[in-house]
Amino acid sequence: MESILIRAPRWVVSLVASGFAIFHAILGLTSLGANQDPTLAIACLSIYLVAVLVSIDFFTCYYIPKWLAIANLVVSMAIPALLHQQLDPNLLSDSSTWYVMGIGTLMGVTALRKHRSIAWLGMAYLAVQVVAWGGLGSFFSSGLIGAFMLVFVAHALSVGLDRVALDIDKFNAETLVSEIALASTSAARLERQQLIDAALRGALPKLEKIRDLGGNLSANEVSEARLLEAALRDEIRGRQLLNDSVRFEVNLARLRGVEVILLDEGGLADLDAEHVRELLSQVVKSVRSVTEGKVTVRAPKGEDWHVTIAAMRPGVTLPDVWLRLK
């Protein structure tokens, strides 16, 4: 995840971090007299400033490129090696060992920006160089402890940012899934409503005729009204159990005198379209095979199967059709 380094305005973060890094360079400038070769000291100061300011200011995403992290490691190794050749370990001061906290800052930035192993490698090499140059006492007098604490805090912040990024990714993924499910439900509801509206529009002329006749219908018109009422009930209760093939076959069955009941209780909601088509094709075949009696097609929710088909005839104990489709 390529996210902004921190939620505060970037220029504020960069300004504060750059100011902290430049402070160590200012200490180095005030101690040029402690160096046998001030020109070499100035060169080390310049290299440090370029490395740390580029690492702080030149990349807006959370991490810096690996090549820059390796370059920072080389800088952290080179500067002490060059300065130790001309500094007297017996004349240590906070300003003459500016590079210790300076490299701590550089490695802290490197750790914070997702190259923690490289940062600790640089700090380990710095500690070895300082102790080899100034003895064990220099570990405490040169500022190494503060530099290590700086990198430790940066490491902890980096780990925390990684966890936040993972949590954000997880939240975004869950939100996307919820939005897709909501959109799918809304689309299905809209489609269902459109189908019901279409069915009602198709039934409206017949309903108006029944109204105009005051209910005085012929036997044929009564039969048509019952089929119409059953079809409207299917659109309301059948939901995902309906497609054009099922509607056609159910209508033929009713014309044969078979009572057909369709009940969608949510059992098909989590299935993909292809699976639903396969189940409905089996529903069509089963309804087609029933010649008399009653057939009930249900899509129960929370069961191990998705569709139940049961066909019974009056006076017959065992069902003609009894299927549980998965």
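## Strand pairing

Two strands count as paired if DSSP finds at least two bridges between them. In this predicted model, strand β1 (residues 259-264) and strand β2 (residues 294-299) are joined by six bridges and run parallel. Asp264 has Ala299 in β2 as its bridge partner. Between β1 and β2 the chain passes through helix α10 (residues 273-289), and this β-α-β crossover is left-handed.

Ile309 belongs to strand β3 (residues 307-312). Its relative accessibility is 0%, so Ile309 counts as buried. From Thr296, 13 residues away along the chain, Ile309 is separated by 5.8 Å, C-alpha to C-alpha. Beyond four places in sequence, Ile309 touches Gln282, Val283, Ser286, Val295, Thr296, Val297, Val321, Trp322, Leu323 and Leu325.

## Overall make-up

The chain holds ten helices and four strands. Their order along the sequence is α-α-α-α-α-α-α-α-α-β-α-β-β-β. Of the 326 residues in the chain, 36% are buried. Take the contacts between residues at least 6 apart in sequence: 68% of them join residues at least 24 apart.

## Confidence

Mean pLDDT for the chain is 80. A value of 70 or more is reached by 81% of the residues. Among the elements, α3 has the highest mean pLDDT, 91. The lowest mean, 72, belongs to helix α8 (residues 219-237).

Residues 1-6 stay under 50 in pLDDT. For this stretch the model has 15 contacts beyond four places in sequence.

## Helix α5 and its ends

Helix α5 spans residues 116-134, 19 residues in total. From first C-alpha to last it reaches 27 Å, close to the 27 Å expected at 1.5 Å a residue. Its buried residues are Ile118, Ala119, Gly122, Met123, Leu126, Ala127, Gln129, Val130 and Trp133. An α-helix has 3.6 residues a turn, so residues three or four places apart point the same way.

Lys114 sits in the loop between α4 and α5. Lys114 has a positive phi of about 80°, although it is not a glycine. Most residues other than glycine have a negative phi. With 38% relative accessibility, Lys114 counts as partly exposed. Just after α5, Gly135 also takes a positive phi, of about 85°.

## Gln86: a buried loop residue

Gln86 lies in the loop between α3 (66-83) and α4 (98-112). Its relative accessibility is 5%, so Gln86 counts as buried. A polar atom of the Gln86 side chain lies 2.4 Å from the backbone nitrogen of Asp37.

Leaving out residues up to four places away in sequence, Gln86 touches Ala34, Asn35, Gln36, Asp37, Leu40 and Ala41.

Ile236 is in helix α8, the element with the lowest mean pLDDT. Its relative accessible area is 57%, so Ile236 is exposed. Exposed here means over 50%. Ile236 and Leu262 are 26 residues apart in sequence. Their C-alpha atoms are 9.5 Å apart in space.

Terms used: Residues numbered from 1 in each chain as written. Heavy atoms only, no water. Helix = DSSP H or I, 4+ residues; strand = E, 2+ residues; numbered from the N terminus. Expected span 1.5 Å × (residues − 1). Buried < 20%, exposed > 50% of the residue type's maximum accessible area, 1.4 Å probe, protein only. Right-handed = clockwise from strand over helix to strand, strands pointing away. Polar contact = N/O pair within 3.5 Å; in protein donor to acceptor, adjacent residues only side chain to side chain. Contact = heavy atoms within 4.5 Å. pLDDT = per-residue confidence, 0-100.
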